[in-house]
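Please view the sequence and the structure first.

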Number of protein chains: 2
Amino acid sequence: MISKTTLQVFREGLTKFVTFSDAEWVELTPYLRASSIKKKDHFVVHGKVCKHIGFVIKGSLRFYHVKDGTEITGYFCFENEFVSSYKSYLKQELSLTGIQAMEDTELILIAYEDMQQLLAHPKLAFKMEQFGRLIAEYYICCYEDRMAAFIVQSPEERYLSMIENQAGILLRIPQHYVANFLGITPVSLSRIRKRTLRGVVNN
Amino acid sequence: MISKTTLQVFREGLTKFVTFSDAEWVELTPYLRASSIKKKDHFVVHGKVCKHIGFVIKGSLRFYHVKDGTEITGYFCFENEFVSSYKSYLKQELSLTGIQAMEDTELILIAYEDMQQLLAHPKLAFKMEQFGRLIAEYYICCYEDRMAAFIVQSPEERYLSMIENQAGILLRIPQHYVANFLGITPVSLSRIRKRTLRGVVNN
DNA sequence: ACATACCTTTGATATAGATCAAAACCAAAA
DNA sequence: TTTTGGTTTTGATCTATATCAAAGGTATGT
């Protein structure tokens with residue numbers, strides 16, 4: 001059973017995309033599952049198919065790739081965001097991305113099969129299509145910005161604009177993950193921080 | 001008026017995402033416009049709002065950003081692909097990306113306002129939502145791969161896998177655009193080509 | 001409180017890619 | 001055919017980041 005407040009948080013988080021009427025909500029909730037994963041446990045195991053899309057109620061996760069046996073963290077997600085290895089989820093193929101909890105994390109899940117049912121549901125299909133479209137469009141915008149940062153900016157510039165725009169992440173996440181996220185090694189990030197005086201902010 | 005074969009190419013190209021019945025097609029076509037743009041003309045002007053989503057019937061375009069007065073090409077698109085400065089189009093805000101034809105190009109256009117009408121159209125709304133979702137999901141998968149390449153691979157590795165997977169692009173567009181696309185300068189790409197023996201392929 | 005594992009910093013050095021400038025090349029236009 | 005503008009290559013040099021290794025921190029669990 002999913003706690004009432006958890007459901008409420010989820011419903012609230014969805015309003016950024018679509019709003020469900022009470023009647024629709026009653027239809028939807030049977031397809032939802034709650035899940036909690038402990039720090040360091042995996043939401044998606046690298047090399048397996050991603051079966052769920054999740055919504056983060058509490059906690060945080062990192063997305064990583066494996067290259068020559070070492071993990072490279074490419075992305076993060078936090079409360080009120082959706083999490084999935086999208087390509088793997090959408091195509092139900094093996095995931096090149098692993099997704100691991102960085103803290104104890106609570107999620108609402110929708111299984112792939114359930115989503116297919118919802119997309120064919122007599123009362124919910126339209127809204128679910130819309131929901132899917134809006135989420136996907138939202139992430140396209142994120143990706144557009146992130147790709148542009150890699151094409152146009154240097155690692156140092158990316159770090160500095162991260163201080164400007166996503167300072168919260170820096171406070172919450174181990175620096176070596178941030179380094180990967182910026183496309184550099186942890187050692188280099190340490191040096192960038194030194195020469196930019198930690199971004200002027202806190203010495 | 002849009003030529004019959006052009007419309008046919010468009011309809012065919014859509015089947016990758018959704019299929020329109022004849023009845024639906026009749027409803028849809030009034031919202032479509034044909035457009036041709038000459039080589040070097042712009043589909044989207046950097047700093048203006050992107051008003052259309054396009055489908056490339058013939059030709060090719062490049063996406064670029066401007067940094068300190070110079071253009072950096074971040075992406076391309078070709079026949080049978082959709083083209084738009086998506087973030088600008090979706091949010092109807094100023095575009096940081098310019099989109100310019102690399103060859104004489106023919107497009108089918110859907111204007112933003114028309115798309116809003118289609119998404120509210122009594123007979124087409126559902127299919128258009130689905131269409132929008134599937135396209136957006138498609139591009140998310142593309143972005144996922146492209147971001148991973150930047151996080152995990154070196155420029156040289158990106159070039160080599162481009163030879164493997166997108167050799168067509170290399171034959172069709174100027175090398176200095178490809179260099180930007182790979183995240184490096186044209187000079188560096190020239191040297192990478194030299195040291196990798198042009199990718200072993202054609203000396 | 002201690003031990004262990006992990007993270008971050010620092011130093012020394014290597015290297016891929018950047019920059020600047022010139023030459024060679026190519027293709028379209030006159 | 002020559003000119004012109006743009007592209008690619010090459011050479012010389014610079015620099016940011018990578019790499020390797022060690023030392024110093026910090027947190028976590030026992």
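Two strands pair if DSSP finds at least two bridges between them. Helices (H or I, at least four residues) and strands (E, at least two) are DSSP runs, numbered from the N terminus.

## Basis

This is a predicted model, in which local features need pLDDT of at least 70, side-chain atom pairs count only at pLDDT 80 or more, and totals for chains, interfaces and linings use all residues. Residues are numbered from 1 along each chain as its sequence is written, chains are lettered from A and ligands numbered from 1 in written order, and side-chain values use heavy atoms, without hydrogens and water.

## Strand S8 of chain B

S8(B) spans residues 105-111. Six bridges join S8(B) to S3(B), and the two run antiparallel. Here B:Val56 stands opposite B:Leu107. Strand S1 of chain B (residues 33-37) is also antiparallel to S8(B), with five bridges. B:Arg33 has B:Leu109 as its bridge partner.

S8(B) is mostly covered. Six of its seven residues are buried (under 20% relative accessible area; exposed is over 50%, partly exposed in between; 1.4 Å probe, protein chains only).

## Helix H1 of chain B

H1(B) covers residues 4-14. Its buried residues are B:Thr6, B:Leu7, B:Phe10, B:Gly13 and B:Leu14.

The buried residues pack against several elements of chain B, including helix H2 (22-28), strand S3 (52-58), S8(B) and helix H5 (125-152). Contact means heavy atoms within 4.5 Å.

## Helix pair in chain A

H8(A) (residues 175-182) packs against H9(A) (residues 186-195) at about 95°, with axes 8 Å apart. That makes the two helices roughly perpendicular (65 to 115 degrees). Axes are lines fitted to C-alpha atoms, for helices over the stretch in contact, and angles run from 0 to 180 degrees between N-to-C directions.

## Open sheet in chain A

Four strands form an open sheet in the order S2-S7-S4-S5, with antiparallel pairing. S2 (42-44) and S5 (70-77) stand at the edges, each with a single partner strand, so one side of each lacks a neighbour in the sheet. The twist averages 35° from one strand to the next.

S4(A) (residues 61-67) pairs with S5(A) over seven bridges. A:Arg62 has A:Phe76 as its bridge partner in S5(A).

Conventions
Angles under 35 degrees count as roughly parallel, over 145 as roughly antiparallel, 65 to 115 as roughly perpendicular and the rest as oblique.
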